[in-house]
Amino acid sequence: MKKEALTTIFLCTLVLFLGAHSAALVLDFENPEQLNRLEVLRETDDHWKSRNNVDDPFQLEIVDGALRFASGGMWNLIAIKDLQFTNGTIYYKMKWLEGGWCQIGVFYRLQETPHLPHYQVTLSAEMQPDRKPEGLKWLDCEVVKWNGLSSRQSTAKPIQGWDRKPVNQWFEVKIEVKSGEHTVFVGPEGKSKQVIEMKVATQGKGRVGLLTYSPTREVVLIDDFEIITSAFAVTTHKTLASTWGRIKASR
């Protein structure tokens with residue numbers, strides 16, 4: 001009885017702690033009204049318009065409980081409305097259905113103008129010099145312009161199962177951020193593992209959302225987009241459920 005009482009007290013304390021220091025947003029795309037949480041930030045220039053053979057390919061819609069994201073051109077950015085992110089966890093699943101480049105993922109800590117520093121994580125089929133797909137790309141972007149970008153620090157890691165063609169299976173990505181520490185987990189659904197751990201100079205609070213960068217038409221599905229903003233980095237996806245599972249297993 002005493003052990004059960006201590007467990008209850010611990011869980012209540014944990015809920016209060018998380019509630020006081022964090023906020024969560026979950027977009028499972030079961031409800032079309034969730035599209036109202038998204039704000040499109042999009043610009044192209046003449047150089048990329050001339051290379052894009054698809055007439056106005058940008059489209060967002062919900063299909064079978066997932067966000068269908070069709071895009072092409074230089075940059076396409078979709079920001080979460082009324083959300084500022086500094087530390088916490090970002091999680092999402094994606095399935096690449098069509099295209100030839102597929103540099104698609106998330107940006108975070110984007111300032112009010114897109115010409116200021118931010119970070120981005122994408123799954124990319126862009127070729128490296130050794131002619132293998134880049135896989136996961138992590139960028140510490142110093143300046144973003146619609147005809148290119150520069151980065152203070154970047155890295156690319158090959159991801160098993162990711163090929164230079166639509167993979168048509170779910171991959172999951174989780175990003176944990178605590179000040180200047182950035183840890184990224186990625187892999188096929190249920191098989192993700194840590195692939196990147198970076199330490200960089202801290203950049204300030206900013207917007208978070210989805211991005212694509214490609215001269216060709218790309219079509220992906222995005223699902224289970226979850227963001228936990230916190231004064232402290234949350235170290236696991238679905239933190240409270242994971243903690244409760246560990247407590248029950250230890251009984």
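**Surface and overall make-up**

I started with the surface: the chain exposes about 12400 Å², with carbon and sulfur atoms supplying 51% of it (Shrake-Rupley method, 1.4 Å probe; for residues, only the protein chains shown count as cover). I keep in mind that this is a predicted model, where local features need pLDDT of at least 70 and side-chain atom pairs count only at pLDDT 80 or more, while totals for chains, interfaces and linings use all residues. Residues are numbered from 1 along each chain as its sequence is written, and side-chain values use heavy atoms, with hydrogens and water left out.

Of the 251 residues in the chain, 49% are buried (under 20% relative accessible area; exposed is over 50%, partly exposed in between; 1.4 Å probe, protein chains only). I found three helices and 13 strands (DSSP runs numbered from the N terminus: H or I of at least four residues for helices, E of at least two for strands). Among contacts with a separation of 6 or more, 68% come from residues 24 or more positions apart (contact: heavy atoms within 4.5 Å).

**Strand β5**

Next I looked at β5, where nine of the eleven residues are buried. β5 runs antiparallel to β10, joined by seven bridges (strands pair if DSSP finds at least two bridges between them). In that pairing, Gly88 stands opposite Val177 in β10. β5 also pairs with β13, again antiparallel, over nine bridges, and there Trp96 faces Val220.

**Aromatic pairs**

I then went through the rings and got seven aromatic pairs (Phe, Tyr or six-membered Trp rings with centres within 6.5 Å; planes under 30 degrees apart are stacked, over 60 edge-to-face, the rest tilted). Trp96 and Trp162 are stacked, 5.5 Å centre to centre with 15 degrees between the planes. Trp96 is in β5 (88–98) and Trp162 in the loop between β9 (148–157) and β10 (171–178), so this pair ties together parts 66 residues apart in sequence. Both tryptophans, Trp96 and Trp162, are buried.

Trp101 and Tyr213 are edge-to-face, because their planes stand at 85 degrees with ring centres 5.9 Å apart. Trp101 is in the loop between β5 and β6 (103–110) and Tyr213 in β13 (207–230), 112 residues away. I checked burial here too: Trp101 and Tyr213 are both buried. Phe85, Tyr108, Tyr119 and Trp138 make one aromatic cluster.

**Charges over rings**

Last, the lysines: the charged end of Lys93 sits over the Trp170 ring, 5.1 Å from its centre (NZ of Lys or CZ of Arg within 6 Å of the ring centre and within 35 degrees of the ring normal). Lys174 lies over the face of Phe185, 4.7 Å from the ring centre.
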